[in-house]
Amino acid sequence: MGGSVGHCSVAIAKKFPSLKFVVQDFPALQPGFEAALPAELKTQVTFQPHDFFTPQPLKADVYFMRHILHDYSDPYAIKILRNLLPALVPGNRLVLCEIVLPPAGAPLPPSLVRLMRSIDLQMMVALNAKERSEEQWVDLLAQADSRFKLVRVARVPALHSLIEVKFDSA
């Protein structure tokens, strides 16, 4: 979702040839997607025009969003998440690639923490949006739907983390 011209899906598809990918984004990006897609991946990676502010039309096992929800304040991020509900069944996963603000005293380089906080301020000033802590991600998911359960946050000593979310039955 919000996959632009598919650069992330293409990179992952090259490493995992048994997986299928559908890149979703605005229709205007489709020509760029088609121009950038390597010929050997044309059966593995496809494009579908979609606006994530509308209900999700595609059923999939995993939905991947990279740098999407941090662009939006909570009400809009919740709307994006709720638009997935028509397509979800218990056991589906969301993988979010986002900054997860660390708790005070986290064992991260101070320069990295300053960068995260700086980006958080930039998001607030530019878009009325924000970076979120793990607790804020849990809260956002719960506000969107109580069946969204944060499974884990894969933190690496880098700017972004991978947030794994499972859609549960209750």
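Q: Which side chain makes a polar contact with the side chain of Gln24?
A: A polar contact is a pair of N or O atoms within 3.5 Å; within protein, one must be able to donate a hydrogen and the other to accept it, and residues adjacent in sequence count only if both atoms are side-chain atoms. Here the partner of Gln24 is the side chain of Gln56, at 2.8 Å. This is a predicted model: local features need pLDDT of at least 70, side-chain atom pairs count only at pLDDT 80 or more, and totals for chains, interfaces and linings use all residues. Residues are numbered from 1 along each chain as its sequence is written, and side-chain values use heavy atoms, with hydrogens and water left out.

Q: Where is Gln24 placed?
A: Helices (H or I, at least four residues) and strands (E, at least two) are DSSP runs, numbered from the N terminus. Gln24 sits in strand 1, residues 21–25.

Q: Is Gln24 buried or exposed?
A: Buried means under 20% relative accessible area, exposed over 50%, partly exposed in between (1.4 Å probe, protein chains only). Gln24 has 3% relative accessibility, so it counts as buried. Contact means heavy atoms within 4.5 Å. Not counting residues up to four places away in sequence, Gln24 touches several residues, among them Met1, His50 and Leu58.

Q: How many salt bridges does the structure hold?
A: Side chains of opposite charge can pair when their charged atoms come close. A salt bridge is a side-chain nitrogen of Lys or Arg within 4 Å of a carboxyl oxygen of Asp or Glu. This structure holds six. One of them joins Asp74 and Arg132, at 2.8 Å from N to O. Asp74 is in helix 3 (residues 74–82) and Arg132 in strand 6 (residues 132–133), so the pair links distant parts of the chain, 58 residues apart. Arg132 is buried, at 1% relative accessibility.

Q: Which strands hold Glu164 and Arg152?
A: These two side chains also meet in a salt bridge, 2.8 Å from N to O. Glu164 lies in strand 8 (residues 161–167) and Arg152 in strand 7 (residues 148–154), so the pair ties together parts 12 residues apart in sequence. Glu164 counts as buried, at 18% relative accessibility.
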